[in-house]
Amino acid sequence: MKLKEQYKLIYFKDLGDERGNLVVIEGAGWDIPFDIKRVFYIYGSDSTVIRGQHANRETEFLLVNVSESSKVRVDNGLETAVIELNQPGMGLYLSPMIWKDMYDFSTNSILLVLCSRHYDEKEYIRDYQEYLREIKGKV
Ligand code: TYD
């Protein structure tokens, strides 16, 4: 499968008014294709850190830099792309089995991650060679 079909940038409506901004993300097929089972967020990382460095066999993700910015490098074993997340209303949807790195976090970056599944270490692939073996013939 082409990398372009394995991730998607989604822009959410800002329902803000004179009181400030308000961005809504509805799960289960409204704004994003999955039911949200887990939420985590990453802050306090900086420009020297590379996070992620794994693929997930099952989980779909939606990444939003709700404050400031970071970059995400996606890789399907054949192609790579870099996406800068720098708007609170901009989300990066990732299908399962994409290798991903998150890096170049700005000082007050908060990266919010919505997930289609509960945490299960068994569905993580943390070894790149193992990842390449598993996707062989599938991309
Ligand atoms: P890690 O996978 O290294 O985070 P990142 O996706 O930023 O690379 O996770 C750090 C630790 O937190 C690791 O011990 C696994 C644990 N963890 C959970 O228990 N639940 C979660 O939902 C996540 C994302 C991580």
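An oxygen atom of the ligand sits 2.4 Å from an N or O atom in the side chain of R38. That counts as a polar contact, meaning a pair of N or O atoms within 3.5 Å; within protein, one must be able to donate a hydrogen and the other to accept it, and residues adjacent in sequence count only if both atoms are side-chain atoms.

Before I go on, a word on the source. This is a predicted model, where local features need pLDDT of at least 70, side-chain atom pairs count only at pLDDT 80 or more, and totals for chains, interfaces and linings use all residues. Residues are numbered from 1 along each chain as its sequence is written, and side-chain values use heavy atoms, with hydrogens and water left out.

For R51, the distance from an N or O atom of the side chain to an oxygen atom of the ligand is 2.7 Å. For H54, a polar side-chain atom is 3.1 Å from a ligand oxygen. The ligand on its own exposes 520 Å², and the protein buries 60% of that. Those areas come from the Shrake-Rupley method with a 1.4 Å probe; for residues, only the protein chains shown count as cover.

Which residues surround the ligand? They are R38, F40, I42, R51, G52, H54, Y119, Y124 and R126. Strands β2 (38–43) and β3 (50–56) each give at least two residues to the shell. Strands here are DSSP runs of E with at least two residues, helices are runs of H or I with at least four, and both are numbered from the N terminus.

Next, the largest pocket. Its volume is about 180 Å³. Of the 13 residues that line it, F40, I42, G52, H54 and M102 are the closest to its centre. F40, I42, G52 and H54 are also among the residues that surround the ligand. The elements giving two or more residues to this lining are β2, β3, β4 and β8. The largest share, 3 residues, is from β3. The lining divides into 8 nonpolar, 2 polar and 3 charged residues.

How is a pocket found? On a 1 Å grid over the protein atoms alone, a pocket is an open set of points with protein on both sides within 12 Å along at least five of seven lines, whereas a cavity is a set where a 1.4 Å probe fits but cannot get out; lining residues have an atom within 4 Å of a point. Grid points are joined across faces, edges and corners, and the volume is the space filled by probe spheres set on the points.

Now the backbone. Most residues other than glycine have a negative phi. E68 is not a glycine, yet its phi is positive, about 60°. E68 is in the loop between β4 (61–67) and β5 (70–75). With 39% relative accessibility, E68 counts as partly exposed; buried means under 20% relative accessible area, exposed means over 50%, and partly exposed is in between (1.4 Å probe, protein chains only). D104 also is not a glycine and has a positive phi, about 55°. D104 belongs to the loop between β8 (99–103) and β9 (110–115), and at 29% relative accessibility D104 is partly exposed.

Last, helix α1, residues 128–135. At its start, a side-chain oxygen of D127 comes to within 3.1 Å of the backbone nitrogen of Q129. Just after α1, G137 has a positive phi of about 80°. L132 is in the helix and is partly exposed, at 27% relative accessibility. L132 and N56 are 76 residues apart along the chain, with 13 Å between their C-alpha atoms. D31, in the loop between β1 (7–11) and β2, is 101 residues from L132 in sequence, and their C-alpha atoms are 31 Å apart.

Methods
A residue is near a molecule or strand if one of its heavy atoms lies within 4 Å of it. Ala, Val, Leu, Ile, Met, Phe, Trp, Tyr, Cys and Pro count as nonpolar, Asp, Glu, Lys and Arg as charged, and the others, Gly among them, as polar.
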